[in-house]
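Please keep the sequence and the coordinates side by side while reading.

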Amino acid sequence: MTTQLITHPACLDHDPGPYHPENPRRLEAVLAALGAPAFAKLERVSAPRAHDDQLCLVHPRSYVEGVLGSIPPAGRHQIDGDTIVSPGSEDAALRAAGAVVAGVDAVCEGRARNAFCAVRPPGHHAEAAQAMGFCVFNNVAIGALHARVKHGLRRVAVVDFDVHHGNGTQHMFERARDLFSASSHEWPLYPGTGAAQERGVAGNIVNAPLPGGSEGPAFRRAFETKILPTLDAFKPELVIVSAGFDAHELDPLASLRLHEDDYAWVTRALMDVARAHANDRLVSCLEGGYDLEALAASSAAHVEALMAA
């Protein structure tokens, strides 16, 4: 089995404006890095569009219809304080969610060991009925619920190492004891959630907030002492990763100080858990990362680690 790279050109057509941090140049940088000879063995897969029934596993149908109905035929429309859609946003958002669904299908059906979904818009801030933080649909939550409905998995874990807390994912999972959400993130920082005492109904929520300026050793300790032991005890049948690379020291939107080797390390650690409990099944989805050079290098380190697992 191999590593799949799931993406689609339509994800470049979501255009919130030339000065918006979450712009098409991000995905262009990631795909350029993954076009290097080291990644020749990636299985490249075209992301399908998610169906309404898949989106509605986590979002009310009224929200889905409202978001899709707000896509403008020209220009841009602001659906949240910092979430903006354009004519290409419908196809991009549907394929971003569809990529995670396709990745879940591939690893659950034994067609791939793991998958990286290089897509945008990101998703982990999207609440059930509210777009926010550049996010339209919660891609990883949709993939997790799809795994339960289609493949009969019971224990699904999402691990989020984006510098911002994945509030949407946590809120969707916190009352379901067989779903697990863990996050390392800078604190305090947008969106203001993710305190260590937020634990869910059965300790199924794990937050490891880090003060601004924290470097790789603090990040790794947070995983080694808090996230990984709890994840291992949860015994996930599938691991999904919200892979944001904006904790890198060069990122302009936050002040953690990670490097590419930290992302490679955490990827290997998560693959160890997936190997122990989930028959290697792991699906990763791009979230944040706003310095193009750092984003490209960090994504490459992450995918290289997936390929070597």
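The model is a predicted one, in which local features need pLDDT of at least 70 and side-chain atom pairs count only at pLDDT 80 or more, while totals for chains, interfaces and linings use all residues. Residues are numbered from 1 along each chain as its sequence is written, and side-chain values use heavy atoms, with hydrogens and water left out.

Strand β9 (residues 238-243) and strand β10 (residues 282-286) pair in the parallel sense over five bridges, where pairing requires that DSSP finds at least two bridges between two strands. Helices (H or I, at least four residues) and strands (E, at least two) are DSSP runs, numbered from the N terminus. Together with helix α8, β9 and β10 make a right-handed β-α-β unit; right-handed here means that, with the strands pointing away from the viewer, the path from the first strand over the helix to the second runs clockwise. Strand β9 is also joined to β6, again in parallel, by five bridges, and valine 158 has isoleucine 240 of β9 as its bridge partner. A β-α-β unit of right-handed sense is also made by β1, helix α1 (residues 24-33) and β2, with four bridges joining the parallel strands β1 (residues 3-7) and β2 (residues 43-46).

How many of the six residues of β9 are buried? Six of the six are, buried meaning under 20% relative accessible area, exposed over 50% and partly exposed in between, with a 1.4 Å probe and protein chains only. Leu238, Ile240 and Ser242 point one way from the strand, whereas Val239, Val241 and Ala243 point the other way. Leu238 is also among the residues that touch the most other members of the largest nonpolar core, which has 96 residues; such a core is a set of buried Ala, Val, Leu, Ile, Met, Phe, Trp, Tyr and Cys residues joined through side-chain atoms within 4.5 Å. Helix α4 (residues 89-108) supplies the largest share of this core, eleven residues.

Turning to aromatic rings, the whole structure holds eight aromatic pairs, counted for rings of Phe, Tyr and Trp (its six-membered ring) whose centres lie within 6.5 Å, with planes under 30 degrees apart taken as stacked, over 60 as edge-to-face and the rest as tilted. Phenylalanine 161 and tyrosine 263 form a tilted pair, 5.6 Å centre to centre with 40° between the planes. Because phenylalanine 161 lies in the loop between β6 (156-160) and α6 (167-173) and tyrosine 263 in helix α8 (residues 260-277), this pair ties together parts that are 102 residues apart in sequence. Both of these residues, phenylalanine 161 and tyrosine 263, are buried. The rings of phenylalanine 223 and tryptophan 265 have centres 6.5 Å apart and planes at 85°, so this pair is edge-to-face; phenylalanine 223 belongs to helix α7 and tryptophan 265 to helix α8, 42 residues apart.

Finally, which cysteine sulfurs are too far from their closest cysteine sulfur for a bond? The sulfur of cysteine 135 is 9.6 Å from that of cysteine 285, its closest, and therefore too far for a bond, and the sulfur of cysteine 285 is 5.2 Å from its closest, in cysteine 117, which is likewise too far. A search of the whole structure finds zero disulfides, a disulfide being a pair of cysteine sulfur atoms within 2.5 Å. Cysteine 135 counts as buried because its relative accessibility is 0%.
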